[in-house]
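The briefing below is meant to be read with the sequence and the model side by side.

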Amino acid sequence: MSLLLNIAVDGIAYGMILFMISVGLSVTMGLMRVINLAHGAFALVGGALAHTITLRWGIGYYVAVPLAIAGTIALALLSERVLFRRIYRLGELQQVLATIGITFMVIAVVNRLLGSSLLSIPLPASLQHSLDLGFRVLPAHRLVVILAGIAVIIGLVLTLDRSRFGTRLRASVDNRNIASSLGINTDRIYAATFCLGAGLAALGGILGSELLPIDAYYPLRYMVLFLIVVSVGGMGSISGSFAAALALGVLETASRYLIPDAGTIVFFALVMALLAFRPAGLLGKGMT
Amino acid sequence: MARVPFLAEAVMLACAVAAFYVFPYDLALITRFLVMILFVLSLDLVLGYAGIATLGHAALYGTGAYAAGLFAVHVSGDPLTGLAVGAGAGALLAFASGLLLMRSHGLTLLMLSIAVTLICQEIANKARDVTGGADGLRGIRMEPVLGIFKFDFIGRTGYWYALAVVVACYAVLKIATLSPLGLSARGIKDSAARMVAIGSPVYWRLVTVYTISGAIAGIAGALAAQVTQLVSLEVYAFNLSAEALIMLVLGGAGRLYGAVIGVVIFMTVHHVAAAVDPFNWLFIIGALILSVVFLVPSGVLGIPAAISDLFRRGNDAARP
Amino acid sequence: MHIFKRAALAATIAALCSSDSWADTIKVGVIAEFSGPFAMYGKQYREAVETYVAKHGTQAGEHTIEFIYKDVGGSNPDVAKTLAQELLIREEVDYLAGFTFTPNALAVAPLIDQSETPTVIFNAATSSINKGSQYFLRTSYTLPQVTAPLADWTFDQGIKTVVTAVSDYGPGIDAEKAFKAAFEKKGGKVVDAIRMPVATTDFTPFIQRVRSQNPNAVFAFLPGGPPTFGFTKTYNENGLAKSGIRFLGTAETEESNLQALGDAAIGLTTAFHYSAAHDSDVAREFNKAIKDKFPNAITNWASVGAYDGTHLIYEMVKAAGSDGPKALEAVKALKWESPRGPVEMDPQTRTVKQNVYIRGVERDTVSGLLVNREKGVIATVGDLGWTQ
């Protein structure tokens, strides 16, 4: 019984971290249909900024994190104007390569400026303690990630499914020409969505850094992890990514508890089986 | 461009032979070029001809490497038989995984191919008693090629051996791409739906193409294992798959010789940049990839066409 | 051997390179990571080598020493072998050095045997590498060398039950076996041996498993960087320290990532051969020299491995110039005072014999930084894994 409870608690906590680190990618890749392997690069930029602001400039965590996210969004806006807006129109393979190229360059720049060791983002004292759940303890920052994850999914569903912005975005992605002939400023919609994705990537990178620490090679080290969550969730579906992240979190945690020796193989075999039977992912809306 | 039949191939072969005399100190390095050329050629068959984008080609390369390595350690040090074993192992894995992979496409296919590679890597890591795990598979001793040519210190035999294998495989691939199978692969790339409509068994064609590609990738892996005399878990690295893809697109996919040019450019840039400024070479590679994607989308081989396009566009500037 | 060397090398060299005017310059090829996720190693080696050269000059005996650096980019035996060939044939180096990963070192073994090139390993810690060629010398350590003394010490502290938790790959399993063998020989009990997949990012399940066994201590072995970071954080947050389960490790608290671990690291116990806070004049001098030359430098075991390795190379060049076998003979029992403490070469295993210290992580009152504070020497040993 306590084993099941442990699996549930840790699985959900881990799943939320998976969701937070990949939700930015669900936005750019899932909604905008750009194979954006540079997602991790924006998470890295956010994390590196947070590290610099807290540790090198000595500014408090609660101010530093919004600043770092704002900085990442500013950078994303700039790069959207210069680079990404040209990438949307390319073929899949070209998108893969272009965004890998950008990732390489970001890694090289961070490596040059901050070196290749871990870039820690120290938590404030208020988040360093652990909560007593009765049968065990849960670190406070994991609870923060769970709450942030719930807030993000609710916010995104409201913005994308219910608001005018969401309708316009879907119209723009489905048929850009008709959307713009209807008077929708598709350029601005794309830029806004891209910045949203980058901002979420930065947030996820920072919040997830207690588990997946930031360093220059972050984007490549965890690229496969991001891609798994989005592809299992299904393209074009934020709620799909949410479900997939939780399912994968619980699945991986369960395999670590129950069959640690074969955990990795079983995990990937199950992911393969799922993708084989549901190529469009859990909640995917068919192939693009 | 090439009106003379096999002109590109003849020029490349001449360059390869000349390289032996021009770079006598760098034979080991050029031999690594040759191994990588073979690996990227095998990817070209899949991506350039059949239009299947994968990020898991290292699975086939690595399996070939381990198969040839284990064969050399436990059965026989004969190089050519070792290559055959590597080819068989690569083809077998390609066939088995191809049954699943060839049913999907796009992002799903990318993910499935990555998953296959990760599973292979974990198995090799787990089977430490057989593969040596993270320490690497050691104890590979090679007999002379054909019983005559001994592998020497500076890598002369290794060079000619690798070149011969690459030339032979290139010929096989050339024939395959000109055969009905190769032509129908191109048809599938252009429009799978139309190929189904004219009664072509699309799925089985793709599995066949993937299996052939697996055999060639397996030979590339086997060659690497024989030349290095050690196999490490890095043969399954994600980087290897990704770099092969970059090299192929850099040179231009779907032409075979584009693979050769892409490898030579990428590895030369890497080698020089890593020697001059290892801390920042990744930036240079990133910039190189970006400029190819934006300036010459069809790869370096497309440069002449891109330039003439540019002039034409200049002349037709008035047109929308 | 000697005849073979001449046949293989001299023929080419004579044919392709006419002048022999560089005979006075002895070249050393350093094969290490200068790019990629492990670029930290290359940086540490290079800083240490250049600091040694700055202090002792480029002159060793009658010869001038020159170092040539080559980037291998990670665990990459194909590249390592190619680079070694390039260095030996084109650059005509007489010594090789570097080698962070075991496969890279193993891949060059046949080459250095044939060319009789002494090769100093700055890091790679798998015991059996030195059996691959008699020309390997190692100034770092081997896994059993620090793990077995830790197990003995643990038992002597009254700790009777231990759970081992190691990353599921070669070095992790070697560490697990070495710890278990030594600990159980003493009479202790390893109640559970957990092997954690290399790709693990969330260590909570394993930490919970340790907790449920309620041992006196947990012995951990993980690769540096993110895995160590994740494991130590999780260990702390789940209250293992509070419930009396001690953390025992080796390289986990190494200096380059120690500050990033934060307060979570305070109190972690490790057994290792080098601490940047080692209390001796040689150590302080070494730290100062490196920081004068490279203001942002941090010294760790990779730095000291390279620094002592450079010392070994200087001694070999002084004694024998470019004569490999003679050079090997000259230093096979060399003793010197290293920044880690007194060391000497073991003629049989060709790995350094050195002190293993027990340390605890503390916050230094002067600098405010985390340091590995040495509490005492628990053994003075050579490679304990050689005969296994």
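In this predicted model, Ser97(B), Leu100(B) and Leu101(B) of helix α4(B) meet Leu109(B), Leu112(B), Ser113(B) and Val116(B) of helix α5(B). By class, that contact is made up of five nonpolar and two polar residues, with no charged residues. The points below start with the geometry of this pair and then turn to other parts of the model.

**Helix pairs in chain B**

- Helix α4(B), which covers residues 79–101, packs against α5(B) at an angle of about 150°, and the two axes are 10 Å apart.
- Since angles over 145 degrees count as roughly antiparallel, α4(B) and α5(B) are therefore roughly antiparallel to each other, and α4(B) passes α5(B) in a right-handed crossing.
- A second pair is formed by helix α2(B), residues 27–49, and helix α10(B), residues 202–228, whose axes come within 8 Å and cross at roughly 170°, which makes α2(B) roughly antiparallel to α10(B).
- On the α2(B) side of this pair, the residues involved include Thr31(B), Val35(B), Leu38(B), Phe39(B) and Ser42(B), and among those they meet in α10(B) are Val209(B), Tyr210(B), Ser213(B), Ile216(B) and Ala220(B).
- The contact of α2(B) with α10(B) has 16 nonpolar and three polar residues, and no charged residues take part.

**A helix pair in chain C**

- In chain C, helix α6(C), residues 143–156, and helix α7(C), residues 170–186, have axes that come within 8 Å and cross at roughly 35°, and the crossing of α6(C) past α7(C) is right-handed.
- Among the residues of α6(C) in this contact are Leu143(C), Pro144(C), Ala148(C), Asp152(C) and Phe155(C), while α7(C) contributes residues including Pro171(C), Asp174(C), Phe179(C), Phe183(C) and Lys186(C).
- By class, the contact of α6(C) with α7(C) has eleven nonpolar, two polar and three charged residues.

**A buried helix in chain A**

- Helix α10(A) runs over residues 223–233, and nine of its eleven residues are buried, so this helix is largely enclosed by the rest of the structure.
- The buried residues of α10(A) are Met223(A), Phe226(A), Leu227(A), Ile228(A), Val229(A), Val230(A), Ser231(A), Val232(A) and Gly233(A).
- The cover over these buried residues includes α1, α2, α9, α11 and α12 of chain A, together with α5 of chain B.
- Just after α10(A), Gly234(A) takes a positive phi of about 105°.

- Chain A has twelve helices and two strands, which follow one another along the sequence in the pattern α-α-α-α-β-β-α-α-α-α-α-α-α-α.
- The radius of gyration of chain A is 19 Å, close to the 19 Å that the globule rule gives for 288 residues, so chain A is as compact as a globular protein of that length.
- The C-alpha trace of chain A spans about 60 × 50 × 35 Å along its principal axes, and 56% of the 288 residues count as buried.
- Of the contacts in chain A between residues at least 6 apart in sequence, 76% join residues at least 24 apart.
- Chain C has 13 helices and 15 strands, and its radius of gyration of 21 Å agrees with the value near 21 Å that a compact globule of 388 residues would have.
- Along the principal axes, the C-alpha atoms of chain C fill a box of roughly 70 × 40 × 35 Å, and buried residues make up 61% of the chain.

**Contacts between chains**

- The contact between chain B and chain A takes 30 residues from chain B and 34 residues from chain A.
- On the chain B side of this contact, α5, α11 and α13 each supply at least two residues, and α5(B) gives the most, with eleven residues.
- The residues on that side of chain B divide into 24 nonpolar, five polar and one charged.
- Chain A also touches chain C, with 24 residues of chain A in contact with 26 residues of chain C.
- The elements of chain A that give two or more residues to this second contact are α1, β2, α11 and α12, and the chain A side has eleven nonpolar, eight polar and five charged residues.

Note on methods
Residues numbered from 1 in each chain as written. Chains lettered and ligands numbered in written order. Predicted model: local features only at pLDDT ≥ 70, side-chain atom pairs only at ≥ 80, totals over all residues. Contact = placed C-beta atoms within 7 Å. Helix = DSSP H or I, 4+ residues; strand = E, 2+ residues; numbered from the N terminus. Nonpolar A, V, L, I, M, F, W, Y, C, P; charged D, E, K, R; others polar. Axes fitted to C-alpha atoms, helices over the stretch in contact; angles between N-to-C directions. Parallel < 35°, antiparallel > 145°, perpendicular 65-115°, else oblique. Rg over C-alpha atoms; globule rule 2.2 N^0.38 Å. Buried ≥ 20, exposed ≤ 12 C-beta atoms within 10 Å, placed from the backbone. Left-handed = near helix turned anticlockwise from the far one by under 90°.
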